[in-house]
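Dear colleague,

Please find below the structure I am handing over to you. A short account of the findings follows it.

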Amino acid sequence: MTVRSRPHAIRMAIAALVAVAGSLIASPASSAQATVRAGTARATTGAATWPAPLWSTQLDFDDNGTAWSRASFAALKADGLTTAEIDMPWNTIEPERGTFSFGELDQELANASAAGMRLVLIFWYSGWGGSPASWVTSHEVNSSGAQGTAPAWWDPAARPAYAGYVTGTLKHVAGEAGYGGSVLDYGDLDAQWNDGSGNAGGWAQADVNEFHHVYLPHTYYTISRFNAANGTSYTAFAQVPAATPGQPLANVYQRFRVWSVRTVYQQLTARARAVTSGTPLYYYFGGHIGNGVAYANIPDVFFGLAR
């Protein structure tokens with residue numbers, strides 16, 4: 001059995017632990033007989049319900065092209081694990097937009113359940129094998145103007161397509177005895193706003209359009225308010241530059257990038273919870289945005305999502 005090393009992320013098991021924990025931990029009726037206790041054995045403190053400890057490892061989606069067997073999961077359980085996290089390849093699950101192929105995933109869920117385990121599905125927007133799907137053609141652009149490999153953050157086709165892939169998959173697995181939750185990722189692996197080549201992304205035309213047409217009006221309401229706050233004299237939001245680090249107004253564009261992380265993850269989280277409110281959601285984060293440590297405190301963003 002090949003166990004893949006985890007990306008350089010820290011898993012945030014926050015959605016299951018604060019504020020809305022009760023709705024996230026309550027196990028669906030169809031999984032009540034599962035041997036694993038991570039979602040069923042609980043201790044209660046006040047109004048919150050807390051899950052039992054989760055002991056897990058990270059696996060490729062399958063075992064060299066074959067569904068992970070019951071024996072494989074049984075071996076993990078014998079080592080004291082309660083779940084296995086599997087890397088979901090978008091292209092395998094949704095080879096064409098709106099056309100899903102769940103056969104292998106269904107077999108793995110059944111095998112895990114039979115062995116007394118549950119699977120936590122890791123959804124990747126980009127960066128892991130099979131993600132993004134081959135039919136996604138968008139590309140992020142870094143601060144130097146070079147094209148990266150990850151899809152643009154605000155691409156009007158890729159972003160809703162990814163949300164549809166995640167929720168379509170969750171609708172299919174919801175209530176399955178072998179399903180134990182999901183890890184929601186967006187961007188390149190766990191490094192939000194990475195262009196896929198190790199550089200800070202966010203300057204694709206779709207991103208700049210969102211900055212001009214949505215973020216600035218949403219934040220400042222009028223161009224006169226923007227000018228008063230930033231000491232400028234623009235006559236329209238479209239004139240405000242998508243400044244790169246070190247340029248004037250770079251702090252304005254960095255705040256937009258932080259807002260973008262919060263906004264997209266809020267949307268994705270809400271859609272996932274609407275489909276599988278009885279199982280936990282987890283997050284990976286790299287601790288920064290686009291490899292720029294001064295850009296934002298990303299843990300705070302994710303803790304905010306869980307409130």
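Tyr221 sits in the loop between helix H6 (205-220) and helix H7 (223-230); helices (H or I, at least four residues) and strands (E, at least two) are DSSP runs, numbered from the N terminus. This is a predicted model, in which local features need pLDDT of at least 70, side-chain atom pairs count only at pLDDT 80 or more, and totals for chains, interfaces and linings use all residues. Residues are numbered from 1 along each chain as its sequence is written, and side-chain values use heavy atoms, with hydrogens and water left out.

The phi of Tyr221 is near 70°, a positive value in a residue other than glycine. With 58% relative accessibility, Tyr221 counts as exposed (buried means under 20% relative accessible area, exposed over 50%, partly exposed in between, with a 1.4 Å probe and protein chains only). Asn64, in the loop between strand S4 (56-59) and helix H2 (70-78), also has a positive phi, near 55°. Asn64 counts as exposed, at 73% relative accessibility.

Rings of Phe, Tyr and Trp (its six-membered ring) pair if their centres lie within 6.5 Å; planes under 30 degrees apart count as stacked, over 60 as edge-to-face and the rest as tilted. By this rule there are 27 aromatic pairs. Among them, Trp90 and Tyr162 have ring centres 5.3 Å apart and planes at 65°, so the pair is edge-to-face. Trp90 is buried at 0% relative accessibility, and Tyr162 is buried at 1%.

Finally, a cis peptide bond, with omega about 5°, joins Ser131 and Pro132.

With kind regards
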